[in-house]
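Please walk me through this protein from its overall form down to a single pair of side chains.

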Amino acid sequence: MIFFRMGWPMRLFIDLMWFFKKEKLSYITGIMLLIVLAAINLCPPYIVGRVVDGVTNRTLTPEILWPWLLILCGLGILSYILRYSWRILIFGAAARLSRLLRQQLFKHFTRMSPSFYQKYRTGDLMAHATNDIQAIETTAGMGVLTLVDSLVTGGFVVFSMAAFLSWKLTLITLLPMPVMAWVSSYYGTLLHERFFKAQEAFGDLNDKVQENISGVRVVKAFGQEEVEIESFRRLSDDVVKKNQAVAVVDSLYDPSIMLIVGLSFFLAVSFGAYEVIHLRLTLGQLTQFTLYLGQFIWPMLAFGWLFNIMERGRASYDRVQALLGVESEVQDQVSLQGAPDGSRAELRQSVKGDIYCALEQFTYPGQTKPELKRIHFTLKEGQTLGIVGKTGSGKTTLFRVLLREFAGMTGEIRIGGVSIEEIPLDSLRGIFGYVPQEHFLFSTTLAENIALGKPQAQLSEIEKAAKTACIHEDIQRFEAAYGTLVGDRGVTLSGGQKQRISIARALLLDPKILILDDSLSAVDAKTEKQILLELKGNRSQKTTLISAHRLSAVEHADLILVLQNGEIIERGSHAELMEHQGWYAETYQAQQLESLIEEGGGLA
Ligand code: ADP
């Protein structure tokens with residue numbers, strides 16, 4: 001039954017064959033050493049048996065004893081070296097497997113589209129990247145060891161007992177084996193179920209921590225510390241409870257095995273003594289037999305462990321593979337996938353910044369209601385498009401469709417005459433410089449934050465981008481200027497400063513098409529004006545798309561689209577829209593009045 005149960009998890013070794021082949025040398029040498037070690041281990045009980053017989057027969061002399069003792073010492077040193085070597089070889093290879101899988105997983109994560117991150121929780125993904133990979137590493141290390149040891153060491157010992165000592169006694173002492181098989185199988189299943197639940201609970205806990213760290217300001221602002229601490233306590237209690245449940249089975253496992261081993265010893269000593277009395281076995285042989293039986297404990301345990309390791313490894317491997325198997329919804333067309341990098345870079349260079357947009361409909365994955373409908377416009381290279389509308393009207397969505405972050409669009413969008421679906425994704429994203437609404441700065445220097453997309457940029461280039469984004473002077477005011485650290489260990493920047501750094505980051509790439517997605521909302525009207533002026537001067541030959549709440553940010557645009565519920569309700573230049581007397585004109589006038597009042601208030 002146990003072999004039947006083990007069939008499924010054991011297939012993991014076949015699934016991991018690609019890796020074993022890759023690390024052939026380490027594994028073959030490591031396993032050979034294990035086999036040699038198993039053979040060497042058979043010698044000490046034999047020597048002890050000879051010595052005991054020599055003592056009982058009164059034939060032992062120092063001349064006989066000394067060589068035996070020297071051989072024992074030699075074998076001890078040899079075993080030491082062999083044990084060290086196989087550990088380095090097999091466990092070292094296993095560590096390389098986990099590195100490989102971790103890299104594969106991380107690379108995969110970076111390639112996924114936003115909908116992937118909507119579907120999977122961060123905590124779960126972290127658990128996959130840590131616990132699951134660890135479980136697979138254990139399979140490739142301890143799993144291989146326990147398999148070889150239980151079969152080879154166990155086999156050698158049983159063979160020696162049966163062939164050289166007494167097959168009858170061997171048979172009797174092995175009687176408890178089926179019970180051990182049952183215990184191992186029963187506890188193994190239980191352990192797997194409980195381990196899975198513990199993993200899930202750990203995922204929940206990870207999520208909670210992640211959420212609290214990124215949302216710490218909100219938690220504090222709303223005085224929710226106690227509530228959060230309480231809910232964290234509940235989750236960590238749950239993790240403890242579920243891990244304790246795993247530990248209970250784990251703890252039951254070893255004593256049960258030891259009980260069975262003890263039974264074997266009992267049978268060996270009682271029946272063995274009977275054989276000695278009837279002169280069918282010498283005292284030295286019985287000693288040798290019991291020493292072998294002692295050596296059989298580890299292979300028996302290893303056999304049980306093997307089952308647990310394989311169960312855990314199997315489940316983890318399947319989860320990691322399932323994750324690696326998730327394809328990004330947005331894919332390059334097959335004909336483009338093999339395109340050499342050079343031709344992609346060429347394409348990025350050659351594509352012009354004209355935009356032809358004939359989007360009929362766009363629906364977010366998993367949604368039924370379309371978010372955008374009939375968005376038609378054309379824009380020539382060097383022109384500026386303004387997109388305005390209430391919050392939730394679809395401005396960001398339109399940008400994300402242009403960047404092909406999501407699949408699910410009908411109609412056609414062309415950049416420089418080429419359909420966006422025909423442009424390889426990395427080239428497409430290289431054409432755009434996107435400044436999203438939510439700014440994200442990494443915990444590194446300001447210079448490195450700006451140079452994110454072009455790490456090899458010179459400081460002069462970084463400064464130029466910062467000047468255009470009107471953040472250069474702010475940066476100069478910091479003691480370490482561009483070397484100032486941002487984030488947890490560095491300075492805290494205002495929302496407006498963060499926005500301008502994000503703009504500088506995009507400008508440094510000098511993109512064919514720059515998208516400012518409500519990126520001027522946190523800067524004051526004067527700075528906004530200055531940035532727009534700088535952009536006009538610097539990007540007169542390049543295309544710019546700006547979405548904004550403050551209409552003054554799009555006033556100068558060649559074409560302005562007003563969106564409502566994902567549809568264009570007004571379009572035209574500023575002058576045309578003002579004449580039209582619709583939403584744009586009304587909002588513009590209201591905002592002008594507001595700023596006049598603010599200025600007036602300021603003067604009073
Ligand atoms: P705006 O930028 O004009 O404020 P958005 O484009 O961000 O508006 O949002 C338009 C609508 O799309 C909103 O109703 C929002 O709820 C919805 N939406 C945004 N992102 C997603 C998403 N990933 N999945 C489903 N719906 C979304």
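The protein has 23 helices and ten strands; helices (H or I, at least four residues) and strands (E, at least two) are DSSP runs, numbered from the N terminus. Its radius of gyration, taken over C-alpha atoms, is 36 Å, well over the 25 Å that the globule rule gives for 604 residues, so the protein is more spread out than a compact globule. That rule is 2.2 Å times the number of residues to the power 0.38. Along the principal axes, the C-alpha atoms fill a box of roughly 120 × 50 × 50 Å.

This is a predicted model, in which local features need pLDDT of at least 70 and side-chain atom pairs count only at pLDDT 80 or more, while totals for chains, interfaces and linings use all residues. Residues are numbered from 1 along each chain as its sequence is written, and side-chain values use heavy atoms, with hydrogens and water left out.

The protein is divided into domain 1 (12–324) and domain 2 (348–437 + 509–600), with bounds that come from an automatic or database domain assignment. The C-alpha centres of these two domains lie 60 Å apart. Four residues from domain 1 and four residues from domain 2 make the contact, meaning heavy atoms within 4.5 Å.

About 250 Å² is buried between domain 1 and domain 2, and carbon and sulfur atoms give 68% of this area. Buried area is the accessible area (1.4 Å probe) that two parts lose on being put together, summed over both. In domain 1, Pro114, Ser115 and Gln118 lose the most area to domain 2, together 90% of what that side buries.

What kinds of pairing are counted between the domains? There are zero salt bridges between domain 1 and domain 2, a salt bridge being a side-chain nitrogen of Lys or Arg within 4 Å of a carboxyl oxygen of Asp or Glu.

By this rule the protein as a whole has 20 salt bridges. Side chains of opposite charge can pair when their charged atoms come close. One of the bridges joins lysine 242 to aspartate 238, with the closest N and O atoms 3.1 Å apart. Lysine 242 and aspartate 238 are separated by about one helical turn because they are four residues apart in helix α11 (residues 225–277).
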